[in-house]
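Subject: Structure handover

Hello,

Here is the structure I promised to pass on. Please open it alongside this message.

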Amino acid sequence: MISQISRNKYLMETGLKMTDDLPFVIGYDVISQIAGHEILAHWHTVLEFFYIEEGEILFSCEGGSRLMQRGQGIIINSNVLHAYHKTEGQDCRYLVLNFHPSLLGEKENNVIEKRYIHPFIHGEKEFHELYLSAEHPSQKSMIQKMYEILEVWEKKEEGYELMIQSQLLQMWHLLYMTELRFLPDARQENIKMQCIQKAVRFIRENYTEKITLKEIAGHCNISETVCWRLFRSQLDQSPIEYVIKYRIQMSLELLGDPCLPITQVASRSGFDSHSYYSKVFKKVMGCTPQAYRKIIDKRT
């Protein structure tokens, strides 16, 4: 079961906001404006449609890593682990749409839910991610539909919620007719991804404490070697590298409080010493914590 924390943390990292009244959000983001220039591996109950308008970005999903460029996009299923980060020398401006499957009628318990939604959202079909290209006619139509939804969202005229739901159903119909109905039945449960998700959740819930590879592996009931290989193959980083990056990311929020000493920022983020924190921070962020705090002060 995926906790609400995963979705809220993702939305906080990207700057997008979603309400419970309407589990939907769409908007632009720029990867260089996100703290750390990356979104660490995460998952959420919402579906995600992602389209690149400018530049490029490195996207990692269950199917592996891929460099995505202008005119390309991806659809990520609910509860699928994914991450993305800035490439060297290139920024990326993208449009991202998130919505909960309930807007498609996921819980209606009728023929539409049983035939067209449940098999794809709940793992009966092999639907993890689907890559899009504006050069492909049917995929181009889905991308255009994103912009139609964006226009409705921005205007927010009377009845816009109904129009958004209608547009999402049209997009899903197009996706079903061109892609989903041709997907094979799911094979045996993906134990690897379950282990990764379990490990990531453990790290995020315990990052302020001392975490070792042995503890991460033990939490997932696998060996340290298998744990290390899983992270390397699926996330392109070791478990401890993920721990460090997540701690740095969490420390960025604390640095926004000018009254909080750097030593306390370090300890509250899970680092044993101020000096080690500063060293790692500079390696990840390209500047010292003090310099980053000055950048924040100038912005505000």
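Below is what was found in it, from the whole chain down to single residues.

First, the ground rules. This is a predicted model, so local features need pLDDT of at least 70 and side-chain atom pairs count only at pLDDT 80 or more, while totals for chains, interfaces and linings use all residues. Residues are numbered from 1 along each chain as its sequence is written, and side-chain values use heavy atoms, with hydrogens and water left out.

The whole chain

The chain has eleven helices and eight strands. Both are DSSP runs, numbered from the N terminus: helices are H or I with at least four residues, strands are E with at least two. The radius of gyration is 20 Å, close to the 19 Å that the globule rule gives for 300 residues, so the chain is as compact as a globular protein of that length. That radius is taken over C-alpha atoms, and the rule is 2.2 Å times the number of residues to the power 0.38. Along its principal axes, the C-alpha trace spans about 60 × 45 × 35 Å.

Of the 300 residues, 49% count as buried. Buried means under 20% relative accessible area, exposed means over 50%, and partly exposed lies in between (1.4 Å probe, protein chains only). The chain exposes about 15400 Å², and carbon and sulfur atoms supply 49% of that area. Accessible areas come from the Shrake-Rupley method with a 1.4 Å probe; for residues, only the protein chains shown count as cover.

Now contacts, meaning heavy atoms within 4.5 Å. Among those between residues at least 6 apart in sequence, 70% join residues at least 24 apart.

Charges come next. The mean positions of the 35 positive and 38 negative charges are 6 Å apart. Lys and Arg count as positive, Asp and Glu as negative; His and the chain ends are not counted. Each charge is placed at NZ of Lys, CZ of Arg, CG of Asp or CD of Glu.

Cysteines

A search of the whole structure finds zero disulfides. A disulfide here is a pair of cysteine sulfur atoms within 2.5 Å. For Cys195, the nearest cysteine sulfur is that of Cys220, 5.5 Å away. Cys195 is buried, at 12% relative accessible area. Cys259 is exposed, at 69%.

Glu154 sits in helix α3. Glu154 is exposed, with a relative accessible area of 55%. Its C-alpha atom is 16 Å from that of Leu168, which is 14 residues away along the chain.

Lys156 is not a glycine, yet its phi is positive, at about 50°. This lysine is partly exposed, at 39%.

Tyr160 belongs to helix α4 (residues 160–178). Tyr160 is buried, at 17% relative accessibility. Beyond its neighbours within four places in sequence, Tyr160 is in contact with Leu22, Val152 and Trp153. Tyr160 and Leu213 are 53 residues apart in sequence and 49 Å apart in space, C-alpha to C-alpha.

One more positive phi

Asn79 lies in the loop between β5 (72–76) and β6 (82–85). Its phi is near 65°, positive in a residue other than glycine. Asn79 is partly exposed, with a relative accessible area of 31%.

Best wishes
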